[in-house]
Amino acid sequence: MDSKKSFWQRLFEQRYAYLFIAPVVILFSIFVLIPAVASFFLSFTKYNVISAPQWVGLENYRQIFFHDPRFWKALRNTGIYVLGVVPVGISLSLLIAVAINQKIRFKNFYKMIFFMPVVTSVVAYSVIWRWLFAGEKYGLINHWLIKLGASPVDWLMNPHWILPAIMIVSIWGGLGYNMFLLLAGLQTIPSTFYEAADIDGAGGWHKFWNITLPLLRPTLIFVAIMSVINSFQVFEQVYILTAGTGEGAGGVLDSALTIVSYLYEKGFQRFEFGAASAIAYILFAIIFLVTWFNLKVVRSRFEY
Amino acid sequence: MIYAFLTLGALTMAIPYVWMIVTSIKPIEEVQAYPPSFLVHHPTIAPYRELFSLLPMLRYLLNSLFVASTVTICNLFFCSLAGYAFAKHRFWGRDKIFLLLLSAIMIPYQVNLIPGFIIVKNLGWLNSFYALIVPNLAMVFGVFLCRQYIMSIPNDLIDMAKIDGCSEFGIYRVIILPLIKPALAALAIFTFLSQWNSFVWPLIVINTGNMRTAPLALSVLNSTFGLDFAMVMAGATVVTLPVLIVFFIPAEIYHLGHHYDWIERMKR
């Protein structure tokens, strides 16, 4: 670039570039950047749309942390959900990915079947599962439970079973997505490793434990992080499966209240925008910390 | 053994869909019959007729189709244009702006919901197509994908066109666009999918009858006609089946590799 030209001249020469990025930058500023910053400030105010926001300092956070048992309930439920969905979901999708990665017939057919929920709306498959879980004995799952000799469970109305039901739906819905990431990871492992192991006479289990798992670790960590982030944000499944069963957004006795469903209730049913923004930022902080922990601690401990 | 495991898994995946379709063509006596059966003795389209007469379901499906198509087309245009500038132009603040865009990935979408709602409300866009379309017109992921793809195009091609007197926009149209078709196809597929399946944002900005999108309609069906399972399953079928049929044909979807996390994110 010509250094003799002034800053403004150069800016003028680059006008096309600015023109090209303008739509994206403008839309991004209005609908992502400004909201993210505004949300932060809103979390220090009391605001209900009707009257102007009123600065209350840390009051929203103090209320949430020290005087709001429902927030803790939501946090606890979400924690249980994450601890259930992430390990089970990843283990199952790893098994499926390894199975599909073998030399098998109908490979693409299996891939397609497992991938179906990824292109299905979460609302749609939650609605289907709500019917599968239906309380009466003509519900399919309870019918099978009876056939297996177990007693039927009122999945949606029983405070002990609603959260596991939601976890089952989420694990089912997430399998295909995790499987595809893991499959992509598996395909980067050179086949020479397995050939060498074959010569040494290693069995399938040894190969999985000593070759596949260590070499897949970066992908596994990535999948785990994505899975944790998505699980902390669970909402649609809760919204659909608890519809009409409880007073608030969390089903019977808040038994399935999660952080985001609580945020939704606070923000868009009670219009406490300040408190809802505070919850949003707490969620942001949790996700940020968990991701940071995963990246720093888990990754640095196992380098290959 | 592998086949047994995979087949069991595939059955677990497929049964909810099969059950959805089977239930949607059952008369009410068979829906509540015991034991439940996958066989339908008297198939009927009554649940579908009920669905389309009780709710303006056709309108809802068209709403979703319109929103998803508009958002997809605009994203392809805006994202490829910006991606081209970020990949091949040198301008003041380029890397800083790009980094700012990327850093937004870290922010969970819930953080933007409330101010987004307030902005849309103040613009007077609640319950309108504007609210559904405008905030989604240019997704950062699309820019990122296009930029990565355009970076691999040799600069010589662009320089040659410049020497031949091609305008900046001409270069974009004649050289860049045809070369990034695979990336655009992938972007089109999952922008469309994410919009068709989008739920939380429409739930917040839409609350009148005619403007609902297909997933919102399903949610309303679920909460108000939740016990008429045949009709709810008919609703789930009309929302789910077209997408499954249309989107399993193109192979691009299998080649997205590590971009899958975006599908999940954009589904909101």
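The legends below describe close-up views of a predicted model. Residues are numbered from 1 along each chain as its sequence is written, chains are lettered from A and ligands numbered from 1 in the order in which they are written. Because the model is predicted, local features need pLDDT of at least 70 and side-chain atom pairs count only at pLDDT 80 or more, while totals for chains, interfaces and linings use all residues.

**View 1. Chain B as a whole.**
Chain B has 15 helices and zero strands; helices (H or I, at least four residues) and strands (E, at least two) are DSSP runs, numbered from the N terminus. The C-alpha trace of chain B spans about 75 × 55 × 30 Å along its principal axes. Of the 268 residues in chain B, 44% are buried. A residue is buried if 20 or more other C-beta atoms lie within 10 Å of its own, exposed if 12 or fewer, and partly exposed in between, with C-beta atoms placed from the backbone. Two residues are in contact if their C-beta atoms, placed from the backbone, lie within 7 Å. Among contacts in chain B between residues at least 6 apart in sequence, 76% join residues at least 24 apart.

**View 2. The side of chain A that touches chain B.**
The contact involves 74 residues of chain A and 74 residues of chain B. On the chain A side, helix 2 (residues 15–42) gives the most, with 19 residues. By class, that side has 59 nonpolar, eleven polar and four charged residues. Here Ala, Val, Leu, Ile, Met, Phe, Trp, Tyr, Cys and Pro count as nonpolar, Asp, Glu, Lys and Arg as charged, and the others, Gly among them, as polar.

**View 3. Helix 1 of chain B and its kink.**
Helix 1 (residues 2–24) of chain B has 23 residues and reaches 33 Å from its first C-alpha to its last, close to the 33 Å expected at 1.5 Å a residue. The expected span is 1.5 Å times one less than the number of residues. A kink of about 35° lies at Ala14(B), shortly before the proline Pro16(B); the bend at a residue is the angle between axes fitted to the seven residues ending there and the seven starting there. Buried residues of this helix include Leu6(B), Gly9(B), Met13(B), Pro16(B) and Tyr17(B). The cover over the buried residues of helix 1 of chain B includes helix 4 (69–101), helix 5 (107–119) and helix 6 (122–132) of chain A, together with helix 2 (28–31), helix 3 (46–54) and helix 14 (229–247) of chain B.

**View 4. Helix 5 of chain A.**
The 13 residues of helix 5 of chain A should span 18 Å at 1.5 Å a residue, and its end C-alpha atoms are 19 Å apart, which agrees. A kink of about 30° lies at Ile113(A), shortly before the proline Pro117(A). Both Ile113(A) and Pro117(A) are among the buried residues of this helix, as are Tyr110(A), Phe114(A) and Phe115(A).

**View 5. Helix 4 against helix 10 in chain B.**
Helix 4 (residues 57–88) and helix 10 (residues 168–179) of chain B pack at an angle of about 95°, with their axes 11 Å apart. Axes are lines fitted to C-alpha atoms, for helices over the stretch in contact, and angles run from 0 to 180 degrees between N-to-C directions. The two helices are therefore roughly perpendicular to each other; angles under 35 degrees count as roughly parallel, over 145 as roughly antiparallel, 65 to 115 as roughly perpendicular and the rest as oblique. Ser80(B), Leu81(B) and Tyr84(B) in helix 4 meet Tyr172(B), Ile176(B) and Leu177(B) in helix 10. This contact has five nonpolar, one polar and no charged residues.

**View 6. Gly83(B) in helix 4 of chain B.**
Gly83(B) is placed in helix 4 of chain B and is buried, with 28 other C-beta atoms within 10 Å. Leaving aside neighbours within four places in sequence, Gly83(B) is in contact with Val143(B), Cys146(B), Arg147(B) and Ile150(B).

Leu253(A) is found in the loop between helix 12 (236–241) and helix 13 (259–269) of chain A. Its phi is near 50°, a positive value in a residue other than glycine. Leu253(A) is partly exposed, with 14 other C-beta atoms within 10 Å, whereas Asp254(A) is buried, with 22. Asp254(A) and Arg70(A) are 184 residues apart in sequence and 7.8 Å apart in space, C-alpha to C-alpha. Not counting residues up to four places away in sequence, Asp254(A) touches Arg70(A), Lys73(A), Gly246(A) and Gly248(A).
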